[in-house]
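Here are some notes for a first look at this one. Have it open beside you as you read.

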Amino acid sequence: MSDNELLEVIERYLNGEMSRDERKSFELQRKENADVDKKVVEHKLFTNLLKQYGERVELEKRLNAIHEEIDVHTLKENLLVHPSWIVQLWRSHHSKISVAASVAIFAVLSVMYIAGSFNSNNSVDQLKRKVDQLDQLNKSIRSSINNIKKSGNVDPGFTGTGFAISSNLIVTNNHVIDGANSVSVQNADGKLFKAEVLYTEPQTDIAILKVTDTAFTGLGATPYTFKRAGSDLGEAVYTLGYSSDTPVYGRGDLTSENGENSNDSVHYRISIPLNHGNSGGPLLDSKGDVIGIVNAKQTQVEGAHFAIKTGYLLDAIHHIPADSLKRRIILNKKNTLAGLSRQQQLKKLNNYIFMVKVY
Amino acid sequence: MNKDLKDSTPTDSEVILGILNNSETALKRLYIAYFPMVLQLIINNNGDEDDAKDIYQEAIIVLYNKVKAGDFELSSKLKTYIYSICRRLWLKRLSQINRYGGDVRDFQEFMPANDDEFDQHNDRDMQFGKMESALRLLGEPCKTIVEDFYINNRSMQDICERFGYTNADNAKTQKYKCLQRLKKLFFQQK
């Protein structure tokens with residue numbers, strides 16, 4: 001039997017096309033001949049596989065046909081987990097957004113260019129000028145410092161007069177010490193003591209200084225008293241003050257109970273020749289009572305000067321905050337000048353009048 | 001999933017009976033009902049619609065063969081079963097193409113994979129792949145003769161007429177030679 005014929009027999013056997021007898025004899029042949037049996041099994045497996053392969057191909061065709069009917073694209077759109085709207089916006093419009101952004105940036109840059117923001121020469125020039133100015137300023141400051149060093153002494157910017165109201169307090173004009181970095185007082189012996197501004201009343205031009213220098217031993221009771229009551233027109237008055245670097249005596253009359261006009265009740269008008277160094281000095285009457293503080297500011301009236309009435313000084317003393325004083329100020333009530341000659345009065349006064357130096 | 005598809009979702013027993021009875025309608029309803037679910041899984045996990053089609057059809061074939069073999073026991077909802085197979089197949093595909101990020105984004109509940117089942121399926125797939133290429137190498141007219149006789153169950157008489165063989169013996173000889181060559185080609189592959 002050829003292989004070809006055997007195969008046909010096997011196929012007939014597997015397909016159940018054999019007669020009963022034929023089948024029996026073939027099964028016997030299978031049992032006896034292992035080679036035949038092997039061929040039967042092999043053929044069965046292979047043709048089954050072939051058949052299943054055919055079925056698979058057929059099934060795939062059917063599935064593909066079904067698949068064709070599904071609108072996959074639309075489904076996909078619906079099923080894709082969409083990123084947030086901003087990402088979507090970017091994905092779908094990024095070209096337009098990019099163009100828009102470019103245009104915007106270009107526009108801003110153009111405007112800035114036209115407006116001169118990029119005119120770098122200009123700003124560099126400005127900067128250079130500023131630096132030059134600073135340089136100049138620096139030089140001038142340095143030369144000033146050198147000058148000061150050469151002179152060895154610091155010139156006081158402005159001086160005035162002050163007089164004692166208690167052991168270590170001195171009154172002067174506010175405009176004398178206004179804006180000062182530091183204040184010192186110099187006594188009749190030419191000794192300089194450091195002081196600080198304790199209290200000011202700019203509206204009445206009164207300032208009260210406290211001598212803080214440790215070398216300052218304090219003063220005794222003032223020889224003068226303070227007269228709150230108004231003085232009369234025509235009263236003979238005098239002052240002692242540092243209109244130069246030594247005390248200068250000046251005398252005159254009380255020429256008006258008011259200052260520049262009838263509305264000015266803060267001041268007396270006086271007829272004493274003064275210069276600005278007299279500012280802050282005491283105005284005394286013939287009995288040695290302090291009736292005012294000389295105020296030698298320039299006025300519009302020729303030859304007229306003014307003095308702040310003592311009442312305002314007493315108010316100012318009263319207004320000093322309690323916490324800036326160690327103890328209450330006790331003003332001298334006993335006048336030791338009354339009855340003395342003018343020369344003796346001035347000698348006693350001399351120790352209580354100070355030059356106020358401001359730096 | 002739109003309303004039409006949802007309405008036409010077949011019950012699990014409808015599907016199984018349909019497959020057993022070779023019902024084209026049942027197969028179609030099954031296919032349409034669960035494709036969106038698998039498409040969703042694949043396209044949201046680094047795949048495209050073609051990947052989804054491949055994976056889904058493979059899963060349907062697994063189900064189909066199990067039902068046909070008569071050893072299919074539904075231990076969960078059919079939907080979960082199909083999803084689980086697709087998930088498992090896609091994970092494997094992802095790791096093959098190095099696109100696997102370590103985890104997949106899931107949209108359904110799923111069952112742990114049964115590896116035995118898949119080995120069987122993979123073996124068969126491999127055999128079919130070999131058969132396909134063997135048939136391609138076989139060439140005409142052998143391919144058609146073999147397919148007609150062994151797959152399409154045509155009679156030798158038909159085949160004689162189609163290929164103009166003068167007698168059935170010549171045709172049988174030709175068919176025999178063709179089958180022998182096919183076997184040779186099939187087993188040569190490794």
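1. Helices here are DSSP runs of H or I with at least four residues, strands are runs of E with at least two, and both are numbered from the N terminus.

2. Some housekeeping. This is a predicted model, so local features need pLDDT of at least 70 and side-chain atom pairs count only at pLDDT 80 or more, while totals for chains, interfaces and linings use all residues. Residues are numbered from 1 along each chain as its sequence is written, and chains are lettered from A and ligands numbered from 1 in the order in which they are written.

3. Chain A has a positive phi too: that of A:Asp205, not a glycine, is near 65°. Is A:Asp205 buried or exposed? It counts as buried, with 23 C-beta neighbours inside 10 Å. Look for A:Asp205 in the loop between β4 (192–201) and β5 of chain A.

4. Back in chain B, check the peptide bond from B:Glu140 to B:Pro141: it is cis, with omega near 0°. B:Pro141 is in the loop between α6 and α7 of chain B.

5. Now for α9(B), whose 21 residues reach 30 Å from first C-alpha to last, close to the 30 Å expected at 1.5 Å a residue (1.5 Å times one less than the number of residues). Its buried residues are B:Ala171, B:Lys172, B:Lys175, B:Cys178, B:Leu179 and B:Leu182. They share one side of α9(B) because they cover an arc of only 125° around the axis, taken from the directions from the helix axis to the C-beta atoms. On the other side, B:Asn170, B:Lys184, B:Phe187 and B:Gln188 are exposed.

6. How do the chains meet? The contact takes 26 residues from chain B and 24 residues from chain A; a contact needs C-beta atoms, placed from the backbone, within 7 Å. On the side of chain B that touches chain A, α3(B) gives the most, with nine residues.

7. Finally, strand β2 (residues 169–173) of chain A has five of its five residues buried. Five bridges join β2(A) to β5(A), and the two run antiparallel; strands pair if DSSP finds at least two bridges between them. A:Val171 has A:Ile208 as its bridge partner in β5(A).

Conventions
Contact = placed C-beta atoms within 7 Å. Buried ≥ 20, exposed ≤ 12 C-beta atoms within 10 Å, placed from the backbone.
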